[in-house]
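Reader: I would like to learn how to read strands, disulfides and cores in a model. Could you walk me through one?
Author: Gladly; let us look at it together.

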Amino acid sequence: MRIRSRIVSIFFLFLVKVLIHAKSLTSIEETSNGSLSITTVNTVQPILINGVPFSPKDSQTQVNDLVSKMASLTFAVCKWAQAITLDCTISSSREAVMMINTLCPRIIIGKIDRCCCEEAYLVNEVMRDIFVTSEISSLEFENLEIVGGSITARGGWNMPGHIQTVRLGRLRRIGRDLNLQRNKISILDFGHLQEVAGTIDLAFNDLSHVDFCQITNVGSIVVHDNFLFSINFGNIQRVSGGIFLQNNLLTSMRFGQITHIGDQVFLFNNQLSEISFAHVVYIGRGVSLHDNMLTEISFGNITFVGLTINLRNNRLSRIDFGELRHIGFNLELDQNELMSIEFPQNLYIEARAVLLRNPIYFVDCQGGDVAVLLDTNVPCRNCTSCQYFI
């Protein structure tokens, strides 16, 4: 690497002097210890490289040839950079990135290990992954625009990381995951981030509010076990994975512009008294809203839930099924305050609706494909079956 760096430096300095300082050319000599000696001379004198005269005035062809070779060499160096790993604990690795910064219009490297350092903040694009040491207290990327793999700054089970502030600046895309789990993050700014193909994992931090700003597409959202009072999904329209927000302090929940959730929705063990599914039409697996303070719920535009809807241990007295047509397993409504319930006639529940421990006195399935489990012998009409657990 040192030989390659020295060759590049010689050609780079020479080319700069030829192209920019037309009236003040330079003598470049290599000293006995391998370093370069640079001397400015008059243009009537030739440029000397190791004592050999070279005059671009007399040989434009040679200059053009050198420019072409330098361009090829620069291209090769910038291409080679895309395979290297910047290790912030190794000085030669950091020096290589500084050389790339001198030659290349954009700094694109393969990977960053043991981030962060001054050189890491110069990088524009990382082809693979960034691994961040748990000792830093602030993670703030200034020039980074694209990460092809993951950014991992995860603390340990027994020893959380020390990161308190995260600012992602110009970063637009993360090709896999953003894993910041088990730190002490209380300040989070997604900046210009638009897409995270994998999971945004912020579990076990100190966040009270999360704003997804300009993000439109994300794999999964994991922010459980924080101190969340509010969350803004911003421009997110599609979550290909799940949303996991359990064990927080949320009192209300709005899903914003989201239409599609590919996996689970976990919101249990919060303090929810209000929820709006807004534009959501599809949830690929289950919905867990148990152990909250909901008195009513509307499923709005949702037509399909792939597994169980769990609403146990709330204060529900009213349910609006909206456009809901399919529940892939159970509808669990036990431990609420329902006195009566009417299911839509075109609703299909794969397993059954569980209505245990409610002050219920009347159930009507209106001919829908619904089996009901009750713990009191009350009228149960137009259902596929009514079972009593007494």
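Author: Let us begin with Thr 85, whose place is in strand S5. Helices (H or I, at least four residues) and strands (E, at least two) are DSSP runs, numbered from the N terminus. This is a predicted model, where local features need pLDDT of at least 70, side-chain atom pairs count only at pLDDT 80 or more, and totals for chains, interfaces and linings use all residues. Residues are numbered from 1 along each chain as its sequence is written, and side-chain values use heavy atoms, with hydrogens and water left out.

Reader: Is Thr 85 buried or exposed, or partly exposed?
Author: The general idea is a set of cut-offs: buried means under 20% relative accessible area, exposed over 50%, and partly exposed in between (1.4 Å probe, protein chains only). Thr 85 has a relative accessible area of 32%, so Thr 85 is partly exposed.

Reader: What is Thr 85 in contact with, beyond its neighbours within four places in sequence?
Author: Contact means heavy atoms within 4.5 Å. With those neighbours left aside, Thr 85 is in contact with Ser 93, Lys 111, Asp 113 and Arg 128.

Reader: Which residues does Asp 87 touch?
Author: Asp 87 is also found in strand S5, and it counts as buried because its relative accessibility is 8%. Not counting residues up to four places away in sequence, Asp 87 touches Ser 93, Arg 94, Asp 113 and Arg 114.

Reader: How should I read strand pairing in general?
Author: Strands of a sheet pair through backbone hydrogen bonds, either parallel or antiparallel. Here, two strands pair if DSSP finds at least two bridges between them.

Reader: How many bridges join S5 to S7?
Author: Three bridges join them, and the two strands run parallel. One example is Leu 86, whose bridge partner in S7 is Ile 112. S7 also pairs with S9 in the parallel sense, over two bridges. There, Cys 115 has Val 132 in S9 as its bridge partner.

Reader: Which strands form the open sheet of three, and in what order?
Author: The order is S35-S38-S40, with parallel pairing. Strand S35 (340-342) and strand S40 (380-381) are the edge strands, each pairing on one side only. Strand S38 (residues 362-364) is joined to S40 by two bridges in the parallel sense. Asp 364 has Arg 381 as its bridge partner in S40.

Reader: Let us turn to the disulfides. How many does the structure hold?
Author: A disulfide is a pair of cysteine sulfur atoms within 2.5 Å, and the structure holds five. If you number the bonded cysteines of the protein chain in sequence order, the pairing reads 1-3, 2-6, 4-5, 7-9, 8-10.

Reader: Where do Cys 88 and Cys 117 sit in the chain?
Author: Their sulfur atoms are 2.2 Å apart and form a disulfide. The link is left-handed, with -60° about the S-S bond. This pair links distant parts of the chain, 29 residues apart: Cys 88 lies in the loop between strand S5 (85-87) and helix H3 (91-103), and Cys 117 in the loop between strand S7 (111-115) and strand S8 (125-126). Cys 88 counts as buried because its relative accessibility is 8%, and Cys 117 counts as buried at 8% too.

Reader: Why is the disulfide of Cys 115 and Cys 116 called right-handed?
Author: The torsion about their S-S bond is about 80°, so the disulfide is right-handed. The S to S distance is 1.9 Å, and Cys 115 is buried, with a relative accessible area of 0%.

Reader: What is the handedness of the disulfide of Cys 380 and Cys 386?
Author: Its torsion about the S-S bond is about -70°, so the disulfide is left-handed. The sulfur atoms of Cys 380 and Cys 386 lie 1.8 Å apart. Cys 386 is partly exposed, with a relative accessible area of 25%.

Reader: Which residues touch the most other members of the largest nonpolar core?
Author: A nonpolar core is a set of buried Ala, Val, Leu, Ile, Met, Phe, Trp, Tyr and Cys residues joined through side-chain atoms within 4.5 Å. Of the 101 residues in the largest one, Phe 190, Phe 233, Phe 255, Phe 343 and Val 363 touch the most other members. The largest share of this core comes from H3, with four residues.
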